[in-house]
Amino acid sequence: MLSLRSVLVFAVLSASGLTPARSLEVCHGPDHDCPGPDSFRSRWKPSVSNLTQDLDQFRVSCRKLMESFPLDEVDGNFVRTVKNCVFSRSSPTPLRGPLRLAAVSQNAIEGVLELDLALTRSEDFLSYVSGRRLLPGSVPLAHRYGGHQFGLWAGQLGDGRAHSLGRFTNRRGEEWELQLKGSGKTPYSRSGDGRAVIRSSVREFLCSEAMWSLGVPTSRAASLVVSEEPVFRDQFYDGHVRTERGAVVLRLAKSWFRIGSLEVLSRSGELDLLRKLLNFVITEHFPSIRSEDPDQYVVFFSTVVNQTAQLIARWTSLGFAHGVCNTDNFSLLSITMDYGPFGFMESYDPGFVPNWSDDEGRYRIGAQADVGLFNLEKLLVALRPVLSTNQQRAAAAVLPGYAEVYQTRVHQLFKDKLGLLGEDDDDGFLIALLLKMMEDTRSDFSMAFRQLGEASEQQLSSRNFSQMWALEDLSSHELFSDWLSSYLLRLHRRQDHSDVDRQDRMKSVNPRYVLRNWMAESAVRKAERDDFSEVELLHRVLSSPFVKQQDAEEAGYAQRPPEWARRLKVSCSS
Ligand code: AMP
Ligand code: MG
């Protein structure tokens, strides 16, 4: 039995020597600053009368960012090493040829930007969200950051193909930073062309919004514009360059600052600027931290440790692998961002690596929690120069608590996935054995949980799994009957809720639809031929991932993945 416990591979950190620290609080509540799947629909739906009807009235402001930090003294979009600033001025380079608004997220347009959806049909909107024209108030900026890529310090990176347009404050008082991605070269473009292709932009657009609908902290995507501009990509780095087409996503986040934003300042000894950026991030985004607190940076660090653990626990519970967990892709606000070669695991496999370019499987799904810890250690290294010796010690003492926060949260999330109320000594074992059976039978992770929730107790007892393909796979395991008996017994021990309640609870946390690679690929292939119907369908379906939908069923989104999906690969090339 004990050896089985250890196979709860990525619900338990493999890092050794981790002991709980008392300085971190374990949060059992909903994710920070993120709606639960049920609550968000009521929150985002504003009445039409509250929406801006005139695009000329839509303003952004760059004042706060520009007044808070010195700007790069050098002007121009030529590639260079940049010092003593957090941002460089950089104008978008409009995409060539006719442009087309391929998709918009009504949820983001109305719920975040508070714009009437009808405005998105205007030429002005297309100009603004493609980088052809600047929004009133906008001073486009490219952010200077660095990062550890695949474990090694990579030096200056920065926004090489993104432009921050400014911040928009909505009627709820939320401030959102608008950013174009794929909008041309900046001082940080290095050898890149400043562009993003349709393929990666469709994936980012769909997944940002899908993650939001799953209740995971994430950046948002408001629109997707495609062009005729040729963009050359060697997708699998094998000498086969393909001509693709440029696209731009308008993406939104409360902040785009990353661990790498602090790292670059610390590494180059720009400590005044490091303090400035820290103070800014804390004041703007961590209101519970008092600026007079002499230990505010330690409290900040401890909060980021906590929230990062919680974020990765959410990824784990959904089988989501980010793909490129470099420190430059890890948000200081612990939101999922910089969607690239991500993947939702299908057959359960802790060694699942979504990114074909990640030869060593550094960012395999089972290692994400450990990598999160690695990134937080790098954050601590970046903070060290502005911490006293005692504060360095206190901050270091926080790190071991990461494992406990992560494990506690994962345990709760998996209990929720199984519809378990209360706590029983054997719950961990029940979860571990289920995952072990999934691994042995290569059962589909999302669907096995979903179908356990869709099956009534009677169906489970009689093992009536017709049409339940993932459960059929799972039930082929020799231990399945024993596991099922234990599970049903466990459910019976809590008689206070009906079976229908259990099913409802499970269906509200186990999505019926996730953005599987083959679904994204199918939408991309059509999009590349200017058919955006599947982007639109997927966007709509994934905005209600917990609800069974007729058109999604007809499209096969809840079916066993097609045979051709096995050969699919995604890479860093974007
Ligand atoms: P990513 O892998 O998208 O997180 O990007 C890593 C770094 O490379 C960031 O600094 C990006 O801005 C930069 N980058 C990625 N693609 C391009 C591109 N096509 N042109 C310029 N910079 C890029
Ligand atoms: Mg990135």
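**Contacts of ligand 1**

Q: How far is a nitrogen atom of ligand 1 from a polar backbone atom of Gly194?
A: A polar contact is a pair of N or O atoms within 3.5 Å; within protein, one must be able to donate a hydrogen and the other to accept it, and residues adjacent in sequence count only if both atoms are side-chain atoms. Between a nitrogen atom of ligand 1 and a polar backbone atom of Gly194 the distance is 2.8 Å.

The model is predicted, so local features need pLDDT of at least 70 and side-chain atom pairs pLDDT 80 or more, while totals for chains, interfaces and linings use all residues. Residues are numbered from 1 along each chain as its sequence is written, chains are lettered from A and ligands numbered from 1 in the order in which they are written, and side-chain values use heavy atoms, leaving out hydrogens and water.

Q: Which residue has a polar side-chain atom 3.0 Å from a nitrogen atom of ligand 1?
A: A polar backbone atom of Arg195 lies 3.2 Å from a nitrogen atom of ligand 1, but that contact is with the backbone. The side-chain atom at 3.0 Å from a nitrogen atom of ligand 1 belongs to Asp193.

Q: How many charged residues does the shell around ligand 1 hold?
A: Asp, Glu, Lys and Arg count as charged, Ala, Val, Leu, Ile, Met, Phe, Trp, Tyr, Cys and Pro as nonpolar, and the others, Gly among them, as polar. Besides two nonpolar and seven polar residues, the shell around ligand 1 has charged residues numbering seven.
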